[in-house]
Amino acid sequence: MKTLYRYSIILGALTCAAAGTAVAGERMVFKGTLGKNAEVVLELENKADGYDGRYFYMRHGVDIPLHGTLASLKEALPRLENGEPLAADDNSGRPIFVDPATGKPRSIWHGKINGDTYQGSWHDAKANKDLAFELHQVGSYNPDAVKPVGVKAVTAAITPGVGSNIAYGTAISLKNTPYDYLKMQLPLQLGPEILRKNVGYRMATDPRTKFAYPRLTRHPDPQVLASVNQILEQRHWQMSLAALECKATLYTSDGPAAGSLGDYDSETIGVRYLSATLMSVVESGSTFCGGAHPNNHYDPFTLDLVQGGYLDFNRLFPVRTKSKDGSEIDPVLANFISRKVKSEKKRNSPDQDTDCSDVLPEYLDFEFDEPDKISFVVSGIGHAMGVCLGPQLVMPIRALKPILKAGAKAYF
């Protein structure tokens, strides 16, 4: 299938590629080797003043900006060198393509496009070294089709590295996002298998981003196994791309997080509950790649191992009802939470610095916890109330009995 797709897009772009141009708004993506065996992926977009582009070494995954002509593509320099800014403040936020000390670029791609192949010689002026390269076109795409819009677009613009400039819900694939898809094709480091009767999982780590993310390893239904792993893979890829994008800010930013993984390497991802019917995972941490404050978060999600996909908690108990203003918490669940909160306050000291019960209904989420508990969680709340993130009510699953729907029997 990948081969069929590759040749269909190559045939469609062949005329333009042979002339060294691309369809307006589209980017050409090439993959191949630099030197004897360095795997690289390179992307080019035709502009009025030449080409804008970027490339990464597969073993690193960090984008290096490019600009110029096919015969002379200049490679960006890190903005900090030996701890000192390479350029003046008036160039902040933009790649540096010319060494201020020499007035010349340090690394240049000298090449041309023949058919679907971009080939030539890469020159490193500092080391006076030349390496041959041969890259083959493997895709083309329109970046505007996968960009986030609205609040997510604003957030991504303010905070470099957040969201990887891909709209939430867009599948990272060879068709939609060939450049980012290829970046994610490095083999993962796999941890030991953890079993729960007839189901199991293991943690997988991209050695470039360092944090581990789960993959389901066994389940009685192979279709559910595939569906769930596709979700886990996409979530893992989104986070890894955001971490690598943050690291790539070493070419565009002088800030304290520039060139770092944005603390994604300190992210905590854990499987809190696994049975043949449900899988609860939590992503939590404090990521930072510039901006006013870190992204403190506690994000649980539960996967439906009966039907595949994300669990709709409305299948278990009433969660939300539709209203003219959108949706609001169901009165049955609101009363249930209210009673449990009052009961908890009686058992615990009322003199607490922060009472998070008031924000629980508005920022409500859920997670299951082993061996047989459910947690009512505050998730997605603003930075000022970050202290409330996480479980606020924890109870045995059996405590849900008064509000469970008939269909819940399939899960417990």
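The paragraphs below walk through the disulfides of this structure and then through its cavity. The model is a predicted one, and residues are counted from 1 along the chain as its sequence is written.

We begin with the cysteines. A disulfide is a covalent bond between the sulfur atoms of two cysteines. In this model the count comes to two disulfides, taking as the rule that the two sulfur atoms must lie within 2.5 Å. One of them joins Cys 246 to Cys 289, with 2.1 Å from S to S. This pair links distant parts of the chain, since Cys 246 belongs to helix 4 whereas Cys 289 sits in the loop between strand 16 (278-287) and strand 17 (295-304), 43 residues apart. About the S-S bond of Cys 246 and Cys 289 the angle is 110°, and the link is right-handed.

Are these two cysteines buried or exposed? A residue counts as buried when its relative accessible area is under 20%. Cys 246 has a relative accessible area of 1%, so Cys 246 is buried, and Cys 289, at 8% relative accessibility, therefore counts as buried too.

The other disulfide joins Cys 356 to Cys 388, and here the S to S distance is 2.0 Å. Which hand does the link of Cys 356 and Cys 388 have? The torsion about its S-S bond is about -85°, and therefore the disulfide is left-handed. Both Cys 356 and Cys 388 are buried. When the bonded cysteines of the protein chain are numbered in sequence order, the pairing reads 1-2, 3-4.

The structure holds one cavity of 30 Å³ or more, and the largest cavity contains about 40 Å³ of space. Which residues line the largest cavity? They are Met 184, Leu 188, Asp 206, Arg 208, Arg 215, His 236, Trp 237 and Ser 240. Sorted by class, this lining is made up of three nonpolar, two polar and three charged residues. Helix 4, which covers residues 222-247, gives the largest share of the lining, with three residues.

Terms used. This is a predicted model: local features need pLDDT of at least 70, side-chain atom pairs count only at pLDDT 80 or more; totals for chains, interfaces and linings use all residues. Side-chain values use heavy atoms; hydrogens and water are left out. On a 1 Å grid over the protein atoms alone, a cavity is a set of points where a 1.4 Å probe fits but cannot get out, and a pocket is an open set with protein on both sides within 12 Å along at least five of seven lines; lining residues have an atom within 4 Å of a point. Grid points are joined across faces, edges and corners, and a volume is the space filled by probe spheres set on the points. Helices (H or I, at least four residues) and strands (E, at least two) are DSSP runs, numbered from the N terminus. Ala, Val, Leu, Ile, Met, Phe, Trp, Tyr, Cys and Pro count as nonpolar, Asp, Glu, Lys and Arg as charged, and the others, Gly among them, as polar. Buried means under 20% relative accessible area, exposed over 50%, partly exposed in between (1.4 Å probe, protein chains only).
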